[in-house]
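Notebook open, model loaded. A few things to look up today.

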Amino acid sequence: MPSQNSPIKVGILGATGTVGQRFIQLLAVHPYFTIHALGASSRSAGHEYSKIVKWKLGTEIPEHVKGMVVQECRPDANGFAECGVVFSGLDHDVAGEIEFAFRAAELVVFSNAKNYRRDPVVPLMVPLVNPSHLSVVNHQRTTLSPPTKKGYIVTNANCSTTGLVVPLYALEKAFGPLETVMVTTMQAISGAGYPGVSSLDIMDNVVPYIGSEEEKIEWETSKILGGVTSDGQGFDLHASDPIKISASCNRVPVIDGHTGCVSVKFKRHPPPSPEQVIQAFKDFRCEAQDLGVPSAPKRAIVYLDAPDRPQPRLDRDLENGACVSVGRVRPCPVLDVKFVCLIDNVRLGAATSSIMNAEIAVERGYIEA
Ligand SMILES: NC(=O)c1ccc[n+]([C@@H]2O[C@H](COP(=O)([O-])OP(=O)(O)OC[C@H]3O[C@@H](n4cnc5c(N)ncnc54)[C@H](OP(=O)(O)O)[C@@H]3O)[C@@H](O)[C@H]2O)c1
């Protein structure tokens, strides 16, 4: 852990956006990191943060951030050169080039965009599931062009993927490989960023389509739940034990919190009973908790023993939005067991995961304090 006197200077890319604002809120007081530079589009660059941002959180903009001048997202822009790490809340249409440039300039980049998630040397890391994937950055530094000494990119998963893989990982840990997963999501409007879905499209409505979301869940789950190859240079994508996954994604008029209705078939026969599944959720512990990093939740999975939970409005703030809550565990007449899961899409689904990934990287010596 870095000493109190030397917090690591960090930049935030996309600092004015939905995810960027959460980064600022969560990093305002942090034992490892201090906010040193803010980046956004040329529309915002050159303006004081508080004058240009449409702040949407229920807490005030941190005092020391209010007067910071937003920069263009370039590693040579004011402030970024002194940073060791950048947290990126950039849209995918600009994230690719910008994040690449920061990596090339020897910064460590924690991205929320989809651009590098499928890259064979970029960890797709859910901090409550697969911190072991971080080791592949050693190979990334030497093989991805340009080679770097310090810089690398780590990506988060898609927010609804994260809400799904945490309970799936708990089940695999307890009962072995899964055969089939069916998930239907009900996803919050904040997942589309700001201003996102127009109110005329979402009020009094459900939109049964979110562009490329189903493919992301179906593909990313296997990379996350798979291991690192034996040579340490990539990811095995769960290839020896493939999981059949089918996702159906819907946008619903909820502000924050993605809900998933999940059915699972296990490879093992007989499958675990619902009671055993509940116990596995209650017993689940992960490496981030064992490492004791500051953003790790006390409970990574919160099991709610009530017939009508989890619900976004009631449960998204559990563990400061850093856990997945689950409930309604029961037999599935088609597969084996079904349950409901809920994630705060902007915290554990985005900003909190990036921050926890960075904390793990510090603890493991992948970021120099
Ligand atoms: N929202 C979620 O729940 C969620 C969850 C997981 C992952 N993600 C991912 O996180 C990323 C950000 O999502 P968001 O919801 O925060 O989006 P958002 O609210 O639309 O914010 C986008 C940010 O990108 C900046 N930006 C736009 N164009 C730019 C450019 N040309 N150069 C530099 N900066 C530019 C914007 O700055 P200006 O204000 O100056 O335009 C803003 O700060 C996306 O890749 C998204 O897929 C989002």
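Which helix is Arg22 found in? I find Arg22 in helix 1, residues 18–27; helices here are DSSP runs of H or I with at least four residues, strands are E runs of at least two, and both are numbered from the N terminus.

Ground rules for myself: this is a predicted model, local features need pLDDT of at least 70, side-chain atom pairs count only at pLDDT 80 or more, and totals for chains, interfaces and linings use all residues. Residues are numbered from 1 along each chain as its sequence is written, and side-chain values use heavy atoms, with hydrogens and water left out.

Leaving out residues up to four places away in sequence, Arg22 touches Leu57, Asp256, Val346, Arg347 and Ala351 (contact: heavy atoms within 4.5 Å).

Then I turned to helix 9, residues 274–283, where Pro274, Val277, Ile278, Ala280 and Phe281 are buried. They sit on the same side of helix 9 because they cover an arc of only 160 degrees around the axis, taken from the directions from the helix axis to the C-beta atoms. The face turned away from that side carries Glu275, Lys282 and Asp283, which are exposed (over 50%).

Last, the ligand. I noted a polar side-chain atom of Thr16 at 2.5 Å from a ligand oxygen.

Definitions and conventions: Buried means under 20% relative accessible area, exposed over 50%, partly exposed in between (1.4 Å probe, protein chains only). A polar contact is a pair of N or O atoms within 3.5 Å; within protein, one must be able to donate a hydrogen and the other to accept it, and residues adjacent in sequence count only if both atoms are side-chain atoms.
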